Amino acid sequence: MLELTSVSSGYHGLEILHEVSLTVGPAEIVAIVGANGAGKSTTLKTIVGEVRVQSGSVRYQDQPVGFGKTHALARRGLMLVPEHRELFGSLTVMENLRMGARARSGRTRFEEDWILGLFPILAERRTQLAETMSGGQQQMLAIARALMSAPELLMLDEPSTGLSPLLTEAVFRAIPAIRDEGVSILIVEQNAGQVLAIADRAYVLESGSVALEGAASELASDDRVRSAYLGG
Ligand code: ATP
């Protein structure tokens, strides 16, 4: 589904990622964990062509991903929900969802009702303006909007940022349900405990390099991961 091979990338000639290799298979949940500044967001931005690859390759569905081709990728089913959500604040919940449907013409994988069932709070607030919702509700709306575009691979950048524990739990419950419908998920999180509990495989990024990789359950019990990311 997605394959990064020895990818180095960065900003203004400065290399942030160093020879990162990772894969995401069909209907797999893959996590990238790591400290602040490790390069997690840069990895996602590189995948969608927002950050230029300096060496190595990014392939999605067996085709190379080009710099600046973010919209074309969305039409091919690769959707990024960025950390700052980028909702249309002055539009309602339903208007935002329907904007999502426009990102991809034709087939829809998810019915609107299924998506609203995943996040019942959105169903209750159909006519509320996005900008007046809480951070957690906005995160749900951003994921719901991405689902409207029928993704094959959904990438989530720190979905728990700014969320209460209760809303974080609701978001983390939805992710396996989305995967069970056949969507692959690549999720970046600082909240390593929660993400390793739902992921199949994970990568630990340190200073722009993959320091560890493996089954999420194995990484969750790895001493190095426990002391660095799980509070001992
Ligand atoms: P965080 O959890 O803080 O978002 P992260 O692991 O996602 O951390 P990145 O946002 O990928 O880390 O940042 C990795 C490095 O790249 C940092 O040193 C950061 O300062 C630098 N960086 C990020 N965005 C830019 C940019 N637009 N221009 C220059 N440097 C950047």
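User: Buried means under 20% relative accessible area, exposed over 50%, and partly exposed in between (1.4 Å probe, protein chains only). On that scale, is D62 buried or exposed?

Analyst: D62 is exposed, with a relative accessible area of 62%. One caution: this is a predicted model, where local features need pLDDT of at least 70 and side-chain atom pairs 80 or more, while totals for chains, interfaces and linings use all residues. Numbering runs from 1 along each chain as its sequence is written, and side-chain values use heavy atoms, without hydrogens or water.

User: Where does D62 lie?

Analyst: In the loop between β4 and β5 (63-64). Helices (H or I, at least four residues) and strands (E, at least two) are DSSP runs, numbered from the N terminus.

User: What is the phi of D62?

Analyst: Near 70 degrees, which is a positive value in a residue other than glycine.

User: Which hairpin residue takes a positive phi?

Analyst: H12, in the hairpin of β1 and β2. Two residues sit between those strands. The phi of H12 is near 50 degrees, and H12 is not a glycine.

User: Is H12 buried or exposed?

Analyst: Exposed, at a relative accessible area of 84%. H12 is part of the loop between β1 and β2.

User: How many bridges join β1 to β2?

Analyst: Seven, with β1 (residues 2-11) and β2 (residues 14-24) running antiparallel. Strands pair if DSSP finds at least two bridges between them. L4 has L22 in β2 as its bridge partner.

User: And how many bridges join β1 to β4?

Analyst: Six bridges, again antiparallel, with β4 spanning residues 53-60. There, L2 stands opposite Y60.

User: Switching to helices. How many residues of α1 are buried?

Analyst: Seven of the eight, so α1 is largely enclosed by the rest of the structure. The buried ones are K40, S41, T42, T43, L44, T46 and I47. Just after α1, G49 takes a positive phi of about 80 degrees.

User: Take T46. What is its relative accessible area?

Analyst: It is 2%, so T46 is buried. T46 is found in helix α1.

User: Which residues does T46 touch?

Analyst: V7, S9, L17, V51, V53 and V58, leaving out residues up to four places away in sequence. Contact means heavy atoms within 4.5 Å.

User: New topic: what is the strand order in the open sheet?

Analyst: β6-β7-β8-β3-β9-β10, six strands with mixed pairing.

User: Which strands stand at the edges?

Analyst: β6 and β10 (209-215). Each has a single partner strand, so one side of each is left without a neighbour in the sheet.

User: How does β6 pair with β7?

Analyst: In the parallel sense, over four bridges. Strand β7 covers residues 153-157. M79 has L154 in β7 as its bridge partner.

User: Which helix lies across β6 and β7?

Analyst: That is α6. Helix α7 (residues 165-179) also packs on the sheet.

User: Which strands does α7 touch?

Analyst: β3 (29-33), β7 and β8 (184-189). In the sheet order, β8 sits between β7 and β3.

Notes
Axes fitted to C-alpha atoms, helices over the stretch in contact; angles between N-to-C directions.
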